[in-house]
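Look at the sequence and the model below.

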Amino acid sequence: MAGAIASRMSFSSLKRKQPKTFTVRIVTMDAEMEFSCEVKKQILDEKIYCPPEASVLLASYAVQAKYGDYDPNVHKRGFLAQEELLPKRVINLYQMTPEMWEERITAWYAEHRGRARDEAEMEYLKIAQDLEMYGVNYFAIRNKKGTELLLGVDALGLHIYDPDNRLTPKISFPWNEIRNISYSDKEFTIKPLDKKIDVFKFNSSKLRVNKLILQLCIGNHDLFMRRRKADSLEVQQMKAQAREEKARKQMERQRLAREKQMREEAERTRDELERRLMQLKEEATMANEALMRSEETADLLAEKAQITEEEAKLLAQKAAEAEQEMQRIKATAIRTEEEKRLMEQKVLEAEMLALKMAEESERRAKEADQLKQDLQEARESERRAKQKLLEITSKSSYTSVNSSTTALPTDLPSFNLISESLSFDFKDTDMKRLSMEIEKEKVEYMEKSKHLQEQLNELKTEIEALKLKERETALDILHNENTSRGNSKHNTIKKPQAQGRRPICI
C-alpha cells in the first residue's frame with residue numbers, strides 16, 4: 001500500500017451519520033438462553049477464568065434453570081452424575097469426589113427454590129459478568145519499544161495486559177477518559193482526555209485487526225454513552241410495560257405458589273388421614289385377634305375345669321369305697337394272730353390310702369374352684385375385648401366418612417471521543433429521577449453482591465482444606481493475589497481516578 005493510511009473522524013460527525021432515533025431490541029427468552037449457554041460453555045472451556053467457589057454457585061443456578069425447584073423425592077443422589085457443571089481445572093484442584101461436589105452444588109440448588117427458570121438464567125449472567133475475563137476481547141499488540149502486550153476491549157474501556165496475566169491490567173483507559181482513538185496503517189493511538197497524560201501508541205500485526213479493534217471500540221463506547229443518557233419516551237413506555245409484565249408474572253408466580261402450597265397441604269392431610277385409617281384398621285385387627293385368643297383361652301379353661309371336677313368326683317368315690325372296705329375289715333372277726341396282724345396292717349394301709357385319697361380330693365376341689373375363678377376372669381376379658389372392638393369399629397367408620405369429604409384441591413474506521421460534543425436535551429427533574437433510579441438499583445445490587453460474597457467466602461473456606469497446591473494454574477495464583485489485595489475488574493478502573501493519573505510508562 002503506497003503511503004500510510006490515515007483515518008480520523010470526529011465523534012460529532014459520527015453521530016450525524018446515525019439516525020436520530022433508534023429501536024430497542026427486545027431479547028427474547030430463546031436468545032437469552034442461547035447467550036447463557038454460550039457463556040456457560042466459555043466458562044467450562046476455561047476461556048473465561050472462574051474461581052472454584054463461584055463455579056459451584058454458577059453450577060447451582062444452571063441446575064435450577066434446567067430442573068426447576070429442588071425435590072428430594074425426585075432429585076436423588078447421583079442425578080447430576082452425567083452433567084458437566086464445573087471446569088476440569090476446578091475438579092483437579094481439590095481432593096474431592098464427584099459425590100462431594102454434587103452435595104455442595106445441591107445444597108445451594110435447594111436454596112434457589114421458587115425461582116423461575118428465566119430468573120435463574122439471569123442470576124447466572126449477573127454473577128458471570130463480574131468475572132475478570134467476562135466480555136473482554138484480547139488482541140496481541142506491541143508497544144513502541146517492541147514489548148509484546150495484550151489489548152483488552154470491553155464495556156468498561158480499554159485495558160493493557162501482560163501476556164502472562166489476563167486478569168489484572170497494567171493500565172486501563174475508561175471510556176469517559178478517552179478523547180480520541182485513531183489508527184494509521186498498523187499503528188494505533190489512544191489519546192486520553194487529560195492532556196497531561198502521554199499518548200499511548202501500539203502496533204498490531206495486521207491492518208484488519210486495527211479495523212476490528214476500532215469497530216469494537218465504537219460499539220462499546222456507544223453502549224457506554226447510551227446507558228448514561230436519559231431514556232426516551234418510547235424506552236420509558238417499554239420499561240413501564242416491562243415492569244407491569246414483571247409484576248404480573250410475579251403475581252402469577254405467587255398465585256401458583258399458593259395453589260401449590262394448598263395442594264401440598266391437602267395431600268399431606270390426605271396422607272395423614274390415610275395413615276390414621278390404616279392405624280385404626282391395624283388396631284381393630286389386633287383387637288379382633290386378641291378377642292379370638294381370649295375366647296380360645298376361655299374354652300380351654302372351661303374344659304380343664306370340667307376334667308378336674310370329674311377327677312375330684314372319682315377320687316371322692318374311691319375314698320368312700322376305701323372307707324367302706326375298712327369298716328368291713330374291722331367288723332370281720334380274725335381268728336388267728338397272723339390274720340389279725342395282717343388285718344391290722346391292711347387296716348393301716350387302708351387308712352393311709354384313705355387319708356391320701358381325702359387330701360388329693362381336697363386339692364382337686366381347690367383346683368376346680370381356682371379354674372372356675374379363672375374361667376370367670378377369662379369371660380370378663382372377653383367381654384372387655386368385644387367392647388373395645390365395638391369402639392374401634394365405630395371410630396374407624398367416622399374417620400372414613402371425614403376422609404371421603406376432603407377435596408384436593410458499523411463499520412467505521414476511527415472516531416474522536418470528545419465529551420464536549422455531546423448535548424443532552426432533558427430536564428433537571430428527569431436527571432434527578434434517573435439518578436434516584438440508578439442509586440436505588442445500585443443499593444439493591446450491592447446488597448445482593450454482599451450476600452453473594454458471603455456465600456462464596458463460606459464455600460471457599462469449606463473446600464480450602466481439600467485444595468491441591470501443586471495443581472494450581474497461573475490464573476489461580478493471580479486470582480488469589482488479586483483477592484488478597486482486594487482487586488477486581490471494577491476497582492482496578494476506579495483506582496487511577498481516585499489517586500490521580502501518572503504518565504504512562506509501559
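**Helices and their packing**

α7 covers residues 207-227, which is 21 residues, and reaches 31 Å from its first C-alpha to its last, close to the expected 30 Å. The expected span is 1.5 Å times one less than the number of residues.

This is a predicted model, in which local features need pLDDT of at least 70 and side-chain atom pairs count only at pLDDT 80 or more, while totals for chains, interfaces and linings use all residues. Residues are numbered from 1 along each chain as its sequence is written, and side-chain values use heavy atoms, with hydrogens and water left out.

The protein chain has twelve helices and nine strands. Helices (H or I, at least four residues) and strands (E, at least two) are DSSP runs, numbered from the N terminus. Of its 506 residues, 33% are buried. The chain exposes about 33300 Å² (Shrake-Rupley method, 1.4 Å probe), and carbon and sulfur atoms supply 53% of that area.

Helix α6 runs over residues 117-128. Its twelve residues reach 17 Å from first C-alpha to last, close to the 16 Å expected. Buried in α6 are Ala-120, Glu-121, Glu-123, Tyr-124, Leu-125, Ile-127 and Ala-128.

Two packed helices are described by the angle between their axes and the distance between the axes. Axes are lines fitted to C-alpha atoms, for helices over the stretch in contact, and angles run from 0 to 180 degrees between N-to-C directions. Helix α3 (residues 52-67) packs against α6 at about 160°, with the axes 8 Å apart. Therefore α3 is roughly antiparallel to α6 (an angle over 145 degrees). Residues of α3 in contact (heavy atoms within 4.5 Å) with α6 include Leu-57, Tyr-61 and Ala-65. On the α6 side, the contacting residues include Ala-120, Tyr-124 and Ile-127.

α3 also packs against helix α5 (residues 98-111), at an angle of about 65° and with the axes 8 Å apart. Among the α3 residues that meet α5 are Val-56, Ser-60 and Val-63, and the α5 residues there include Trp-101, Ile-105 and Trp-108.

Two single residues remain. Glu-46 lies in the loop between α2 (29-44) and α3. Glu-46 is not a glycine, yet its phi is positive, about 65°. Ala-320 and Ala-354 are 34 residues apart in sequence, and their C-alpha atoms are 8.2 Å apart in space.

Definitions and conventions. Buried means under 20% relative accessible area, exposed over 50%, partly exposed in between (1.4 Å probe, protein chains only). Angles under 35 degrees count as roughly parallel, over 145 as roughly antiparallel, 65 to 115 as roughly perpendicular and the rest as oblique.
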